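Open the model in your viewer and keep the selection panel at hand. This tour goes stop by stop.

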Amino acid sequence: MSEDIKTFTISVYTENNIGLLNRISAIFQRRHINIESLTTSQSEIDGVNRFVIVVNVTKTNAEKIVKQIEKQVETIKAYYHTNEETIFTESCMFKIKSELLFDEPQIQNIIKESNTRIVTVNKEFFVLEKSGRRHEIESLRRDLNVFGIMQFVRSGRIAVTKEEMKITELLMAFNNQ
C-alpha cells in the first residue's frame, strides 16, 4: 500500500553560516522534491536561525529529509509537521494604479471584504497588504487581476506549532556554549 502525499512544514533550526541554504536545497534536489515555499528568519533565540520549508511528500520522505538535514554540521534540530499540527499564514502585497482606487468602487469593496490593508497611496499607485492562507491570497489576486496588477509578491509560509516544542531548552543550551 502506498502512502499518501501530504503537505508538510519542515522547521530547521541552524547556525547562520554561508552556503547552508545551498546544501539544504540540494537535499530536496537529489530527491526530486519541489520546495513549495521557503522562509528564513531569526528564531526565538539570538544567533539561531529558523528555516520554514513547505513540501508535498509522503510521511516517510518527510522523515528522511529531516534526518538528512540534521546531518548538516550547522543544523541544531529539524522537525516536520502536518498542516493540522501548525498555525500558519502567508503575506502578500499588490501594487495597483491609483486612479482605480477612486474610479472603480468594486476595488474598495474587494479591499473591505478581504480584510486587506492599504499600505500607501500616491498619485501613480497604491499598495495593498494581505495576510492569510494561500487560497485567500489567490482569491484576492484573481479579483484584483481584472483591474490590472502592476506588481504582486507573496511571502513563503510562516508557521508555529500548536503543541509545545522542547526546542527552546535545546536552543538555550546551544546559545550558552
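The stops below cover salt bridges and then a pair of packed helices.

This is a predicted model, in which local features need pLDDT of at least 70 and side-chain atom pairs count only at pLDDT 80 or more, while totals for chains, interfaces and linings use all residues. Residues are numbered from 1 along each chain as its sequence is written, and side-chain values use heavy atoms, with hydrogens and water left out.

**Stop 1: Lys77 and Glu70**

Searching the whole structure gives 7 salt bridges. The term stands for a side-chain nitrogen of Lys or Arg within 4 Å of a carboxyl oxygen of Asp or Glu. Select Lys77 and Glu70: their closest N and O atoms are 3.3 Å apart, and they form a salt bridge. Lys77 is partly exposed, at 28% relative accessible area. Glu70 is partly exposed too, with 28%. (Buried is under 20% relative accessible area, exposed over 50%, partly exposed in between, with a 1.4 Å probe and protein chains only.)

**Stop 2: Arg117 and Glu129**

Now pick Arg117 and Glu129. Their side chains meet in a salt bridge, 2.8 Å from N to O. Arg117 sits in strand S6 (residues 117–121) and Glu129 in strand S7 (residues 125–132), so the pair ties together parts 12 residues apart in sequence. Helices (H or I, at least four residues) and strands (E, at least two) are DSSP runs, numbered from the N terminus. Arg117 is partly exposed at 47%. Glu129 is partly exposed at 27%.

**Stop 3: Arg154 and Glu138**

Move to Arg154 and Glu138, a salt bridge whose closest N and O atoms are 2.3 Å apart. Arg154 belongs to strand S8 (residues 151–154) and Glu138 to helix H5 (residues 134–145); the pair links distant parts of the chain, 16 residues apart. Buried or exposed: which describes Glu138? Glu138 is buried, at 16% relative accessible area.

**Stop 4: helices H1 and H2**

Show H1 (residues 20–30) and H2 (residues 59–70). Their axes come within 10 Å and cross at roughly 145°. Axes are lines fitted to C-alpha atoms, for helices over the stretch in contact, and angles run from 0 to 180 degrees between N-to-C directions. The crossing of H1 and H2 is right-handed, that is, the near helix is turned clockwise from the far one by less than a right angle.

Which residues make the contact? Select Ile24, Ile27, Phe28 and Arg30 of H1, with Ile65, Gln68 and Ile69 of H2. Contact means heavy atoms within 4.5 Å.
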